[in-house]
Amino acid sequence: MAHLDQAPSQTRMSGTGGQVTSLVERARDGGREAFGQLVELFQEPIFRMVYYRTRSRMDAEDLTQEIFVKAFKNLSKLRDPKRFRTWLFRMAVNRVTDFYRKKRLLAIFKTRDHDSEADPKEVERRQDPSALDDVIKEEFWKHVTSFSDNLSRREKEVFFLRFMDHLSIREIAQVLDKSQSAVKTHLYRGLKKFKEDPSLLQLLEASRL
Amino acid sequence: MTKEKEAHLKETDLLQAVVDETDLSASLQEHLKTCRLCRSEKDRLELALAELGDRAEHFAPSPGRRVALPVGESTRRALSWYWNWRRTLVAGMVTAVAAIIVVYGTISVRNAEEAKLAALTQEIWEDELLMTEISALSENALPLFCSDISGESYPDFDEDFMNFVVPSTEADLVSSGGGGVRC
């Protein structure tokens with residue numbers, strides 16, 4: 001495993017830094033096509049990032065759409081094009097937080113939230129997990145949920161950004177507007193709980209074999 | 001053997017190493033480089049974390065639809081140029097209309113003033129005429145034919161002539177020596 005302060009999968013998931021910077025500069029000058037390429041590069045990571053937190057494909061698609069529209073409208077406000085990735089993730093984290101805030105509020109008033117309706121395909125899959133892959137998938141997410149429920153909100157955010165979204169500690173600090181040492185502290189606590197969760201650890205080790 | 005065991009990384013150090021290896025003390029970093037046991041323990045944890053990321057990515061669905069962007073910047077610019085052009089045209093037209101109103105207004109006001117002045121002049125002239133007539137009337141209120149009757153229109157009928165026609169009663173009193181009857 002590469003040094004954890006680096007983001008090894010950045011190139012794989014969102015192009016090279018230079019390419020992104022160039023695209024951001026062009027998009028900032030009104031290049032719709034350049035922004036389209038940025039969408040191509042970042043749609044999947046952002047979609048996944050939202051999905052990890054909402055576990056709903058429909059919600060993840062809607063929120064991803066909103067995040068990119070907001071990014072498109074506010075791109076001129078981004079001072080440093082090199083920070084596009086962290087800027088986008090920050091927007092995504094804030095949007096997910098807002099989503100849950102709204103959901104909690106609706107739950108208080110017991111208002112039917114159409115947005116939170118389960119994806120019919122997902123419901124179907126849950127009801128009929130015939131394929132082995134689906135069973136494994138179900139099991140995996142069940143363990144992840146169980147583990148993440150033991151984490152505090154900040155620990156969970158830092159842990160997910162680091163190990164599931166593959167952001168570096170420096171990037172996480174920028175996304176959450178925290179110091180790197182604060183990020184490390186939360187990460188340490190999250191890791192401790194991860195190591196103390198034998199079921200998830202065993203599941204991961206078993207799947208590697 | 002005991003010494004070697006004591007020198008191994010504690011769990012807190014191990015977690016610290018996973019978070020950021022450079023945060024460990026120099027001696028612990030050195031130990032981690034050389035100790036196979038500690039290294040494997042750290043690698044084991046890091047592999048599990050890498051597996052967590054890979055599995056999450058693998059088990060997450062792909063987005064079903066592509067992000068749809070709002071009206072593009074280029075279109076917005078074209079629209080903004082169009083609106084600017086329209087705005088300029090409208091502003092120009094408004095300015096032209098305003099100029100026409102100002103010019104027309106100025107001319108109208110000037111014309112109105114001239115007309116007013118002419119009317120005033122006419123009025124003054126009429127007033128003067130009226131005053132002349134009034135003065136003439138105050139001097140001689142009778143119409144001309146009445147003047148003929150009264151003899152005012154005959155310049156030869158002076159006072160002597162009138163005294164001759166109608167003598168003064170005072171003259172009668174003088175001639176009768178004061179014994180006459182006084183009226």
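Chain A contains eleven helices and zero strands, where helices (H or I, at least four residues) and strands (E, at least two) are DSSP runs numbered from the N terminus. The model is a predicted one, in which local features need pLDDT of at least 70 and side-chain atom pairs count only at pLDDT 80 or more, while totals for chains, interfaces and linings use all residues. Residues are numbered from 1 along each chain as its sequence is written, and chains are lettered from A and ligands numbered from 1 in the order in which they are written.

From the N terminus, the elements of chain A read α-α-α-α-α-α-α-α-α-α-α. Of the 209 residues in chain A, 34% are buried (20 or more other C-beta atoms within 10 Å of the residue's own; 12 or fewer counts as exposed, anything in between as partly exposed, with C-beta atoms placed from the backbone). Contacts are counted when the C-beta atoms of two residues, placed from the backbone, lie within 7 Å. Among the contacts in chain A with a separation of 6 or more, 63% are between residues 24 or more positions apart.

Leaving aside residues up to four places away in sequence, I46(A) touches T64(A), I67(A), L88(A) and A92(A).

Helix 9 (residues 169–176) and helix 10 (residues 180–195) of chain A have axes that come within 9 Å and cross at roughly 105°; axes are lines fitted to C-alpha atoms, for helices over the stretch in contact, and angles run from 0 to 180 degrees between N-to-C directions. I169(A), R170(A), I172(A), A173(A) and L176(A) of helix 9 meet Q180(A), V183(A) and K184(A) of helix 10.

Turning to chain B, its secondary structure comprises eight helices and zero strands. Buried residues account for 9% of its 183 residues. Of the contacts in chain B between residues at least 6 apart in sequence, 34% join residues at least 24 apart.

Helix 2 and helix 4 of chain B pack at about 55°, with axes 10 Å apart, which makes helix 2 of chain B oblique to helix 4 of chain B. L14(B), A17(B) and V18(B) of helix 2 make this contact with E41(B), K42(B), L45(B) and E46(B) of helix 4.

Finally, the two chains meet: 32 residues of chain B are in contact with 38 residues of chain A. On the chain B side, helix 2 (11–19), helix 4 (36–59) and helix 5 (73–139) each supply at least two residues. Helix 4 of chain B gives the largest share of that side, 13 residues. By class, the chain B side comprises 18 nonpolar, six polar and eight charged residues, with Ala, Val, Leu, Ile, Met, Phe, Trp, Tyr, Cys and Pro taken as nonpolar, Asp, Glu, Lys and Arg as charged, and the others, Gly among them, as polar.

Definitions and conventions
Parallel < 35°, antiparallel > 145°, perpendicular 65-115°, else oblique.
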